[in-house]
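Here is a quick walk through a model, with the cut-offs given along the way. Keep the 3D view open while you read.

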Amino acid sequence: MQYRIGICDDEELMININSLYIRDIAKRLGLDITLHTFSSGESLLAYADSHPLDIAFLDIDMDGISGISVAFSLRKKYPNLVTIFITGHSEYALEAFDTDAAGYLVKPLNPEKLEYSLKKAIKYTKLARKATISKYITITEDN
């Protein structure tokens with residue numbers, strides 16, 4: 001099963017670091033991922049107009065649209081999208097969880113917490129895919 005993952009941060013260094021960590025974790029866990037990176041919320045939203053993502057790692061404090069606004073917009077279009085915030089600002093945590101975020105990681109990034117968050121996101125994605133596959137139920141009466 002392939003997972004489409006997006007990373008959005010306005011700092012190129014953070015995109016590179018997060019990409020390396022996520023690729024390494026995915027490799028160790030045997031996950032098939034496609035990783036897409038974005039340097040602005042606007043570019044992520046433009047991409048997501050025609051390309052669904054399963055998981056989005058979002059910075060909050062970016063030039064232009066904030067990661068929280070991006071998360072709200074993405075959730076409207078893709079209700080099963082799992083969002084995880086990676087930010088240097090702990091003060092936005094309550095607001096971020098209003099987006100139904102699955103995680104909130106504070107920079108500098110702890111690789112173990114990132115791995116835990118990615119595993120959780122994969123689990124949520126698997127559950128969502130199973131739920132959408134099972135649109136019908138079979139009822140058997142008298143054997």
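Glu-115 and Arg-28 join their side chains in a salt bridge, with N and O 3.0 Å apart (the rule: a side-chain nitrogen of Lys or Arg within 4 Å of a carboxyl oxygen of Asp or Glu). This pair ties together distant parts of the chain: Glu-115 sits in helix 5 and Arg-28 in helix 1, 87 residues apart. Helices here are DSSP runs of H or I with at least four residues, strands are runs of E with at least two, and both are numbered from the N terminus. Glu-115 is buried, at a relative accessible area of 17%, whereas Arg-28 is partly exposed at 48%. Those labels work like this: buried is under 20% relative accessible area, exposed is over 50%, and partly exposed is in between, using a 1.4 Å probe and protein chains only.

Glu-115 has another partner in Lys-119, with a salt bridge at 3.4 Å, N to O. Both of these residues lie in helix 5, 4 residues apart, or about one turn of the helix. As a bit of background, an α-helix has 3.6 residues a turn, so residues three or four places apart point the same way. Lys-119 is partly exposed, with a relative accessible area of 42%. By the same rule, the count comes to 8 salt bridges.

## About the model

This is a predicted model, where local features need pLDDT of at least 70 and side-chain atom pairs count only at pLDDT 80 or more, while totals for chains, interfaces and linings use all residues. Residues are numbered from 1 along each chain as its sequence is written, and side-chain values use heavy atoms, with hydrogens and water left out.

Now for Lys-107, which is in the loop between strand 5 (103-106) and helix 5 (111-133). Is Lys-107 buried or exposed? Its relative accessibility is 17%, so Lys-107 counts as buried.

Lys-107 forms a salt bridge with Asp-9, and the closest N and O atoms are 3.0 Å apart. Here too the pair links distant parts of the chain, 98 residues apart: Lys-107 in its loop, and Asp-9 in the loop between strand 1 and helix 1. Both Lys-107 and Asp-9 are buried. Not counting residues up to four places away in sequence, Lys-107 touches Asp-9, Glu-11, Met-14, Asp-59, Ile-86, Thr-87 and Gly-88; touching means heavy atoms within 4.5 Å.

## The nonpolar cores

The largest nonpolar core has 20 residues, and the ones touching the most other members are Ile-5, Ile-22, Ile-55, Phe-57, Leu-114 and Leu-118. (A nonpolar core is a set of buried Ala, Val, Leu, Ile, Met, Phe, Trp, Tyr and Cys residues joined through side-chain atoms within 4.5 Å.) Two or more residues each come from strand 1 (2-8), helix 1 (12-29), strand 2 (32-38), strand 3 (55-58), strand 4 (82-87) and helix 5. Helix 5 gives the largest share, 4 residues.

Phe-57 is a handy one to click on. Leaving out residues up to four places away in sequence, its contacts are Ile-5, Gly-6, Ile-7, Cys-8, Ile-22, Ile-84, Ile-86, Leu-114 and Leu-118. There is also a second, separate core of 19 residues, including Leu-44, Ala-48, Tyr-78 and Phe-85.

## One side of helix 2

Which residues of helix 2 (residues 41-48) are buried? They are Gly-41, Leu-44 and Ala-48. They cover an arc of only 65° around the axis, so they are on the same side of helix 2; the arc is taken from the directions from the helix axis to the C-beta atoms. These buried residues pack against strand 1, strand 2, strand 3 and helix 3 (67-77).

Asn-18 lies in helix 1 and is buried, at 2% relative accessibility. Its contacts, not counting residues up to four places away in sequence, are Ile-7, Ile-86 and Leu-109.

His-89 is in the loop between strand 4 and helix 4 (93-97), and its 24% relative accessibility makes it partly exposed. The C-alpha atoms of His-89 and Asn-18 are separated by 17 Å, with the two residues 71 apart along the chain.
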